[in-house]
Amino acid sequence: MIPELANISLRTAVLGFLSLVGVTAMMLVILTAAGPERLQHVVARMGPWAPAVYIALKASTYIVAPLSGSPLHVSAGALFGLGYGTLYSLAGDVLGGCANFWLSRLVGRRLVGRLVGQQGMSRVDGFYRQLG
């Protein structure tokens, strides 16, 4: 087990889980209130830009920490269908992961050092030494 995960309190884990469930429920309520047909009409009017906008939005959930991409999976299926929704979600996931990798290579250690300080960097270094 990862030592940092062992230090997460039950309260923090429950709050994180409840926030994910809450955001997912909110997305479902929005989809239901607006009506899938209306949202599909908006997507159809966007034409070829709709998948590009969705993929960019999905990728941004990896880059901007408070955003969760899980509710977008539900909306992708409702808006684009199961096959294309899965494909667009996968493309957004890969693009977001690549962007994170590029950003971490560009400014990662300096930025983390500023945010967590010397003591925090010592913990990060110790963690990676344990992994090998």
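The model is predicted: local features need pLDDT of at least 70, side-chain atom pairs count only at pLDDT 80 or more, and totals for chains, interfaces and linings use all residues. Residues are numbered from 1 along each chain as its sequence is written, and side-chain values use heavy atoms, with hydrogens and water left out.

Start at serine 75. Serine 75 lies in helix 5, residues 70–80 (helices are DSSP runs of H or I, at least four residues, numbered from the N terminus). Serine 75 counts as buried because its relative accessibility is 5% (buried means under 20% relative accessible area, exposed over 50%, partly exposed in between, with a 1.4 Å probe and protein chains only). The side chain of serine 75 reaches the backbone oxygen of leucine 72 at 2.9 Å.

Now turn to helix 6. Helix 6 covers residues 82–131 and packs against helix 5 at about 135°, with the axes 7 Å apart (axes are lines fitted to C-alpha atoms over the stretch in contact, and angles run from 0 to 180 degrees between N-to-C directions). The two helices are therefore oblique to each other (angles under 35 degrees count as roughly parallel, over 145 as roughly antiparallel, 65 to 115 as roughly perpendicular, and the rest as oblique). His73, Ala76, Gly77 and Phe80 of helix 5 meet Leu82, Tyr84, Gly85, Tyr88, Ser89 and Asp93 of helix 6 (contact means heavy atoms within 4.5 Å).

Alanine 25 is partly exposed, at 36% relative accessible area. Its C-alpha atom is separated by 8.1 Å from that of proline 71, 46 residues apart along the chain.

Conventions. Polar contact = N/O pair within 3.5 Å; in protein donor to acceptor, adjacent residues only side chain to side chain.
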